[in-house]
Every structure is written in C-alpha cells, then in structure tokens.
Amino acid sequence: MNITRRHFLIGLSLATIPGLSMAQNHANHGGSGHSHNNGHENHGEPSHDNHSMGHENHSGHTPGMSHGTKVGREGRPQDVKQTIQIDMHDQNKFMPNRVEVKAGETVRFFVRNMGQNKHEFVIGNQQELHTHAQMMKQDPNMAHNDPNMISLKPRQRGGVVWHFDKPGTYYFGCLQPGHFDDGMIGTIEVK
C-alpha cells in the first residue's frame with residue numbers, strides 16, 4: 001500500500017485524539033482516570049479513556065489490567081497549585097521522602113533521577129505499591145503508562161500531575177526490583 005505524506009499526517013493526527021487510537025483495550029476499570037498515552041506525556045488534555053492497561057509489552061498480565069491507584073486521580077496541569085521536586089538516588093531513597101498537600105489540591109511532582117540506575121515514582125496506597133512491587137520482581141522490564149507513575153532512566157527527569165481528593169496518608173515508591181524492599185518509599189500526607 002502506498003501511503004502519501006498527507007495520509008500519514010492525517011492518520012497521525014487521528015491517533016493523537018483520545019478514544020481514536022488503534023489497538024485500545026475497551027474493558028472498564030471503574031473510571032479511575034487512567035489513559036493510554038503510549039509513553040508520551042498527556043500535556044494536560046483531559047482523558048476520555050478510562051481503560052488503561054498500565055503496562056505495555058509485558059507477560060503475565062491480563063489485557064486491560066490497570067496498575068493505577070484509588071488514591072486520587074490524574075490532575076490537569078492548569079489546576080496545579082504547587083510543584084514538589086522529588087529526587088531519586090541510587091542509595092534507594094527519595095529526597096524528600098515526606099510531603100504534605102491539601103485535600104482537593106492538584107500537585108505537580110517534578111521527579112529527577114539523580115542516579116545511574118533506573119528508578120520509578122509511583123503514587124498509591126501501601127497495598128497497591130506492595131502488590132505492584134511483587135509483580136515487578138516477576139517482570140522487571142514492564143513499561144508503565146498510568147498517570148500515577150513515571151519510570152526514569154539515569155539522569156532523566158519528568159513529571160506526574162495528581163489530584164488528591166480526600167485527606168489521608170498515601171505513598172510514593174520505586175517499584176524496580178529490590179528498591180521498594182530496600183525502603184525506597186515516601187509518604188504523602190493529605191490534610
């Protein structure tokens with residue numbers, strides 16, 4: 001088939017419209033605000049697709065399975081009230097490892113991998129993080145694309161925009177094999 005540049009650009013444009021991309025899974029996961037972004041940042045467009053796999057190109061997971069969280073929801077950049085910088089280090093620690101936010105607030109976590117190893121920043125409750133960390137031991141190369149998480153190679157930086165609906169104690173962790181077990185976890189106090 002001969003594809004002209006115009007056809008390619010039209011197809012590329014359609015692929016970027018939420019809900020129109022090819023090869024999406026359409027199982028319902030309770031509308032928790034997850035979106036397919038294929039490894040690209042969402043740039044604040046509201047997600048119309050609540051059917052994320054959470055990982056791509058991995059074994060041992062049912063298609064349509066999400067590793068999102070019930071701790072709040074994906075935030076919109078235009079609603080950000082504060083930016084919190086989180087640095088990840090090869091000693092398997094976050095700096096800072098404790099942050100405070102207000103209930104109802106949207107926060108941008110500006111995350112930097114300061115080390116020479118791959119690290120992750122994943123928001124969740126303790127059970128979600130523990131379960132996901134165990135899965136990562138079985139498949140350490142899973143690719144993430146849920147909005148509550150980001151994987152960064154050495155010296156990379158990125159962001160997570162998250163809205164915290166209600167007060168409570170929540171967590172962020174690095175789920176690379178061994179990192180979480182070694183104490184690479186932080187606390188989010190939502191007041």
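The structure is a predicted model, in which local features need pLDDT of at least 70, side-chain atom pairs count only at pLDDT 80 or more, and totals for chains, interfaces and linings use all residues. Residues are numbered from 1 along each chain as its sequence is written, and side-chain values use heavy atoms, with hydrogens and water left out.

## Overall fold

The protein chain contains two helices and twelve strands. Helices (H or I, at least four residues) and strands (E, at least two) are DSSP runs, numbered from the N terminus. In sequence order, the elements follow the pattern α-β-β-β-β-β-β-β-α-β-β-β-β-β.

Of the 191 residues in the protein chain, 43% are buried. Here, buried means under 20% relative accessible area, exposed means over 50%, and partly exposed lies in between (1.4 Å probe, protein chains only). The protein chain exposes about 10,600 Å², and carbon and sulfur atoms supply 50% of this area. Accessible areas come from the Shrake-Rupley method with a 1.4 Å probe; for residues, only the protein chains shown count as cover.

A contact means heavy atoms within 4.5 Å. Among the contacts in the protein chain with a separation of 6 or more, 73% join residues 24 or more positions apart.

Strand S6 spans residues 106-113, and six of its eight residues are buried. Two strands pair if DSSP finds at least two bridges between them. S6 runs parallel to S3, to which eight bridges join it; in this pairing, Ile-86 stands opposite Val-111. With S10, S6 pairs in the antiparallel sense over seven bridges, and the bridge partner of Phe-110 in S10 is Gly-159.

## The nonpolar cores

In soluble globular proteins, nonpolar side chains tend to be buried together. A nonpolar core is defined as a set of buried Ala, Val, Leu, Ile, Met, Phe, Trp, Tyr and Cys residues joined through side-chain atoms within 4.5 Å. The largest core has 23 residues, of which Ile-86, Phe-94, Phe-109, Phe-121, Ile-123, Phe-164 and Ile-188 touch the most other members. Strands that each supply at least two residues of this core include S3 (80-89), S7 (119-124) and S12 (185-190). Phe-164 has contacts that include Val-71, Val-101, Phe-109, Ile-123, Tyr-170 and Ile-188, where residues up to four places away in sequence are not counted. A second, separate core of ten residues includes Ala-133, Met-135, Met-136 and Phe-180.

## Individual residues

| Residue | Relative accessible area | Class |
|---|---|---|
| His-132 | 3% | buried |
| Leu-152 | 4% | buried |
| His-163 | 10% | buried |
| Asn-92 | 13% | buried |
| Arg-155 | 52% | exposed |

His-132 is found in helix H2, which covers residues 126-138. The C-alpha atoms of His-132 and Phe-180 are separated by 10.0 Å, and these two residues are 48 residues apart along the chain.

Leu-152 lies in strand S9, which covers residues 149-152. Beyond residues up to four places away in sequence, Leu-152 touches several residues, among them Met-88, Val-111, Asn-117, His-119 and Arg-157.

His-163 belongs to strand S10, residues 157-163. The side chain of His-163 makes polar contacts with the side chain of Thr-106 (2.9 Å) and with the side chain of Asp-165 (3.3 Å). A polar contact is a pair of N or O atoms within 3.5 Å; within protein, one must be able to donate a hydrogen and the other to accept it, and residues adjacent in sequence count only if both atoms are side-chain atoms. Not counting residues up to four places away in sequence, the residues that His-163 touches include Gly-72, Arg-73, Glu-74 and Gly-104.

## Backbone features in loops

Asn-92, in the loop between S3 and S4, has a positive phi of about 55° although it is not a glycine. Arg-155, in the loop between S9 and S10, is likewise not a glycine and has a positive phi of about 70°. The peptide bond from Met-95 to Pro-96 is cis, with omega near -5°. Pro-96 lies in the loop between strand S4 (93-95) and S5.
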